Amino acid sequence: MSDVIYTDAEWIERGVVPQCTLDLAYGADENDFALTVPIGFCIDDGALVYVDGTGWGGIVRGNCPSTIVDGPHGKPTNTIVGTTWQGVLAESYIVPDAGSHVEVSGDANDAMRAVVKRQGLDAMFDVEEAPSGFPVAHRFDRFADVYASFRKMLAQVGAKLVVAKDPGCKPKLSAVGIRRCIDDGEAARFAYRITDDTPVNHIIGLGKGEMEERIVVHRFADAEGRASAIQSIFPPHERQYLYELSSSDEAELIEACDEELKELQKVRECELRLPAGEAYEVGDVVGIVDENTGKSITAEVVKAIVRLDAGGRIEISNEIGDVIL
């Protein structure tokens, strides 16, 4: 059972939100929450809501009362909407001095603390005082948001951003090592599908002209799928493909053949499904190694979705980014 705590606009704690459901997401997108309560209950704009001991919380941006109900058992509600802790970081952009970049170096926690202070976010956030053990030397992209910038910086040193709020404290940022959860085939926690084939590696392009005046080009893909005029894969492993653009000159035909050859390399597909009942943090890496073929697939966790029902029961799910074979 978990309680959602709320404050007033001065961030003074006022109590537990009654009879609420919470839908909250953070990561690659969204970074917001909706807190649904009976219509007579409101929370000040600019107040904070959170579940102590977790990274779930944020700042209230508005109240949305509704007397429109669905079905005979529906009741009027107020939906309190807001921005998660991660969303607050994502709405703050690192604006450099003219013609420069913002750069940091040292321990990752110290680097984040310097940026938090620079952005004026230290009134809301603390940063872990203890060293993270992850040294960084990073130049932030110009005009990038703080959340994406921290995630990018930390990923380069094998770390992820964790936000946690303890009772009576500000939410605290810290750099923590990425968790790698790779099945070796025996655990069978992740469901997966792998589709693999050998792609076309020689495209014969036919351009404008007739007979001996016909423009013909040969473009080849190497083992990495890179196109060139040099053949590196030969029969019986060569796979040819005829491509006709009868109105093209040689330069146009080469460009078109290279684009077509690039598309023809896309013969590998994979899908990875996370198990129900397991939760991961944004930045964690999940994957499998197929024990029969030896093929492996991995993906980064890019979103966490938290749902809390009126009985205080929590359901956590995740979304992953591109699956890499």
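What relative accessibility does Glu300 have, and does Glu300 count as buried, partly exposed or exposed?

A: Glu300 counts as partly exposed, at 36% relative accessibility. The cut-offs are under 20% relative accessible area for buried, over 50% for exposed, and partly exposed in between, with a 1.4 Å probe and protein chains only.

First, the ground rules. This is a predicted model, in which local features need pLDDT of at least 70, side-chain atom pairs count only at pLDDT 80 or more, and totals for chains, interfaces and linings use all residues. Residues are numbered from 1 along each chain as its sequence is written, and side-chain values use heavy atoms, leaving out hydrogens and water.

Now the partner of Glu300. Its side chain meets that of Arg151 in a salt bridge, 3.8 Å from N to O. A salt bridge here is a side-chain nitrogen of Lys or Arg within 4 Å of a carboxyl oxygen of Asp or Glu. Glu300 sits in strand 21 and Arg151 in helix 3, so this pair ties together parts that are 149 residues apart in sequence. Helices (H or I, at least four residues) and strands (E, at least two) are DSSP runs numbered from the N terminus. Arg151 is also partly exposed, at 21% relative accessibility.

Strand 21 takes part in another of them. Arg307 bridges to Asp23, with the closest N and O atoms 3.5 Å apart. Arg307 lies in strand 21 (residues 296–308) and Asp23 in strand 3 (residues 21–27), so parts 284 residues apart in sequence are tied together. Both ends are partly exposed: Arg307 has a relative accessible area of 39%, and Asp23 has 35%.

The side chains of Lys152 and Asp141 meet at 2.9 Å, N to O. Lys152 is in helix 3 (residues 146–155), and Asp141 is in the loop between strand 10 (135–139) and helix 3, eleven residues apart. Lys152 is partly exposed at 39%. Asp141 is partly exposed, with a relative accessible area of 39%.

The loop between strand 10 and helix 3 is also the place of Phe143. Phe143 counts as partly exposed, at 45% relative accessibility. With Tyr93 and Val95, Phe143 forms a nonpolar surface patch of about 300 Å² accessible area together. Patches take residues with over 30% relative accessible area and no salt bridge; like charges are joined within 9 Å, and nonpolar side chains (Val, Leu, Ile, Met, Phe, Trp, Tyr) within 5 Å. Accessible areas come from the Shrake-Rupley method with a 1.4 Å probe; for residues, only the protein chains shown count as cover.

Next, Glu91. It is found in the loop between helix 1 (85–90) and strand 8 (103–107). Glu91 touches Arg61 and Thr83, leaving aside residues up to four places away in sequence. Contact means heavy atoms within 4.5 Å. From Glu91 to Asn318 is 227 residues in sequence and 22 Å in space, C-alpha to C-alpha.

Now the cysteines. The structure holds zero disulfides, a disulfide being a pair of cysteine sulfur atoms within 2.5 Å. For Cys20, the nearest cysteine sulfur is that of Cys42, 14 Å away. Cys20 is buried, with a relative accessible area of 5%. For Cys42, the nearest cysteine sulfur is that of Cys64, 10 Å away. Cys42 counts as partly exposed, at 49% relative accessibility.

Cys181 belongs to strand 13 (residues 180–183). The covered face of this strand holds Cys181 and Asp183, and the uncovered face holds Arg180 and Ile182. Strand 13 pairs with strand 20 (residues 285–289) in the parallel sense over four bridges. Two strands pair if DSSP finds at least two bridges between them. The bridge partner of Cys181 in strand 20 is Val286.

An open sheet of four strands runs in the order 17-16-15-18, with mixed pairing. Strand 17 (227–228) and strand 18 (240–244) are the edge strands, each pairing on one side only. Strand 16 (residues 216–221) and strand 17 pair in the antiparallel sense over two bridges. Phe220 stands opposite Ser228 in strand 17.
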